[in-house]
Amino acid sequence: MYNSKIWFGLFAILGSLAGRDCRPASGSLEAMQLGDFMFGGLFPVHQSFKIVNMTSNPIENVCETFTVSRLIQSLAMTEAVEAINKSPMLNGLTLGYKIMDTCSDVTTALQHTDIFMDKNCGSTNSFFQAVIGEYHSEVSIAVARYLTMGYMPQISYGSTAGVLSDKKRFPTFRRTVPEDDHQAKAITKILKYHNWTWIGIIATDGDYGRYAADQLEAQANKQNIFVSYRVVLPDFLNDESLDSKLNETIQKIANTSKVQVIVSFAKSHHMSRLFDKLTPNASGRFWIAGDSWSTSLNVLDNRPLNEVGKILGIIPFSGNISRFRSYIDNLDLNPDSQSNNTILQYFIKGELNKSRTIKEIRETLQKAVSPSAVFSVQLAVMFAANAIKDICSRKTCRGGFDIQRSELNDALAKTMLTIDNEKYSFSKSGDLDTGYDINIWEAALENNAEFVNNVKLKTVARYMIKNESMLFLNDTQRNPLEDFTGRVISQCSQSCQPGFRKVFSVDKPICCYECAKCPENTFSNQTDAHECIDCPKNSYSVENSTTCTPRTVDFLSWREAYCIILVVFACLGILLTLIVMLVYLVRWDTPVVLAAGGPISILILLSLLGTFTSVILFGGKPTDIQCKTGQVLFGLSFTLCVSCILVRYFKVLLVFQNDSALKRVMKKLFLPYWIIGICVLIQGLICGFWLGMEPPTASESSRIRSELILQCDEGKRLFFGLMLAFISLLALVCFGFAFLGRKLPQCYNEERCISISMLIYIISWVVFAPIYANIVNMTHYKSAVQMVVMLFSAYGILICHFMPKCYIILLKSEKNTREAFTMGIREFARRFNRSSRVDRHRAGLDRPESAFTIDSGIENIINGVYSNPYPPSTISSFHMSIDNLPHEVSVSGDSLYEFSVYSGSSADMNEENQQQQTLSGSQKLLQRIKNNRTELKRTLSVPHF
């Protein structure tokens, strides 16, 4: 150690002999202690400088604005060196330092670096092993470039510019604080956490300020946080444009009332002057302080904190600095005893000149202590000391010349410290990726000498760089932070409350938007929703809703009175149909049943069963199968019903047709089961296409918000209309047949029944169409309306066609005889003969050979040209009176090609027939009758269809 001191003195002498002034600017302050290993220290104790003589060599300048906080950092280095020297860490070797004031100036810092590099002192080797500093990034960048030429290690305790992480450009630079990229991410996390999306940025015009502002803006934009304004202040306090730039900044703050959060990367003295100029309109903002001034409580300069606003600071992690506080408490504040530390001496003398006591001076020093700043300096010294220890553990060290700079750089890269169970090491880029403390500035409730400007710092959270997360120290700290920031709103547009959504403008940042109400059947249940969410199925909402309300599911329930009534009528129809069918089967051989069509009537009854069954399918909660089956079953069953009625009445018209030519045509067309099958087939094709293309399905609809109507949707309404139209066409044909057969014998004349039943069907469905169309999707009674119309149609046929016959069968059995039907046919023949003679007499055509007294059907049978349209074993009997024959003649056709003529007693003939003297029918017919006269006998067989 002794030899080291000799060498140091020798270098100083050589420097003076060379005639080179190793001193930097005049008035520069420094602190020095000799040791075996020397560290240079660069600290911006003064915040600015002023040139007083440009002709001198070197240029003479005066440093201005002394900063106690930087004095504390320089004392942290002296304390760390002294603590290591007192410990056995270096096995008797000691550390020394030369701390110099850079005055926050690059040129001054480079002049000091010359001493550390010994470039201006006549030496090719340096007595200094490493440089601790500087604080400001722009100064550290210049110093780092210079030190890189000599490959001298540099450890900064405050420079955070990201560019310094580039090891290709700055291979010997390291730092004990995180780089600004992480600070920008931490601030962005805070902004996002509080939903502050519209901010202002203030920075100084230096490497630190510009880089930090750029990084913050880039990180914030990724989180949809945007910058309303960005102000760059001149870096030097003596810049003539500084005042005007500060006034411009105040004006921007006052004019942008929506920007309540301002992030500042300015230096502490810039912020002090800015706060001094704040106007009432620019006051009360929320300030987020970068690490450049986050612990500089003196920026308030005795102004109340509430006038400035609220301040939240970002500070690199700190450790236990109780040892340093003890150092301050025991520090000798006699200026005469601090001759080797002119920085401290200058401060003490200045305070004593203000008539302050030693106690007050010590309190001032204690107030200026920033745990983070002190800890960063201590870490820098300890990293360098441990690197030296590691080197000396592998070889013999007697002083600084035994260690090469490359050795020290390599050792620093591998050094790991363990302090209070926390491990610290440099990353590959030379950074210390620990994290940040989130501090809030709180005004003390009472005046306390320990607080600067009656303000204290309170740590509420930590930002962890490794996982990029913010961790609250404990639950009790979350509430103070939220209470501190809870009422601050910094947004271009106020948050859209639940029930609204954001509407963005093309020419504005996405944080500037309008709030629009959520439309019906949508909702938003969170603040600042980008889109309204559609209500789930079976629920609804009104405009501007935050939730959806379940809809009341409405359908034609089995428990509903209307449904019960309709189902009861449908079941009653089924029961009545079965009863009628039973009556018909029991009285199958009676004239009424035979005249009703026999098997055709059973088909009609079966189709009515299908119709009544289809009505029931429209009740209850609809399903797809139910909807398809109900519509198709009704269409097919009712088509079968109407087509059977059509065929049955067509047969009656054919039997009693008078025009022989027309009858021959009708006989050719009359294929009853073919007609029925074709009609049902056509309807089946319609239903098949309907089911194949767009079938009926159970659908949900709503015209009333609170209700969800479940009902059968027809699907392709074209096919639904075709189905009904085809049935209507058959009904119109039946109606036409009924009109044509209005003069048939009473026992066969069902003109009224057919007319009424078909009119019921047609009118029901005509009325149904507009009602059905108007209540679509409005109410579940749509199904009920169709059920009613279907019941009307089915009951119309059941009542009109079968109830009168059942009445005769069950209650008027005297009319259900062959004699009764014979009397009816005779009555028809008399009326027809009478009307025919009158018509021919009026027309002048009353000739004996053309007088009609024989039904033309008998002539057809006798002539062998009548094709019996009925199944074998059915009998059609016709009655006539012939002039000069004292008998009643009955001609019967028993099959398709056979016939027989029988004669009865003339006494059985009625009085009117006995008086007739007109020869009727053709000569051929009469000859046949005469040839078979002996075989003629009376028959009472009744025509059945």
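Colleague: Why is the sulfur of Cys644 too far for a bond with the closest cysteine sulfur?

Modeller: A disulfide needs two cysteine sulfur atoms within 2.5 Å. The closest cysteine sulfur to that of Cys644 is in Cys641, 7.1 Å away, so that's too far for a bond. Bear in mind that this is a predicted model, where local features need pLDDT of at least 70, side-chain atom pairs count only at pLDDT 80 or more, and totals for chains, interfaces and linings use all residues. Residues are numbered from 1 along each chain as its sequence is written, and side-chain values use heavy atoms, with hydrogens and water left out.

Colleague: What makes Cys644 count as buried?

Modeller: Buried means under 20% relative accessible area, exposed over 50%, and partly exposed in between (1.4 Å probe, protein chains only). Cys644 comes in at 0%, so buried it is.

Colleague: How do you know that Cys627 and Cys712 form a disulfide?

Modeller: Their sulfurs sit 1.9 Å apart, S to S. The torsion about that S-S bond is about -80°, so the link is left-handed. Cys627 belongs to helix H19 (residues 624–655) and Cys712 to strand E27 (residues 707–713), so the pair ties together parts 85 residues apart in sequence. Helices (H or I, at least four residues) and strands (E, at least two) are DSSP runs, numbered from the N terminus.

Colleague: Why is Cys515 called partly exposed?

Modeller: Its relative accessible area is 36%, so Cys515 lands in the partly exposed range. Cys496, its disulfide partner with the sulfur atoms 2.0 Å apart, has 0% and is therefore buried.
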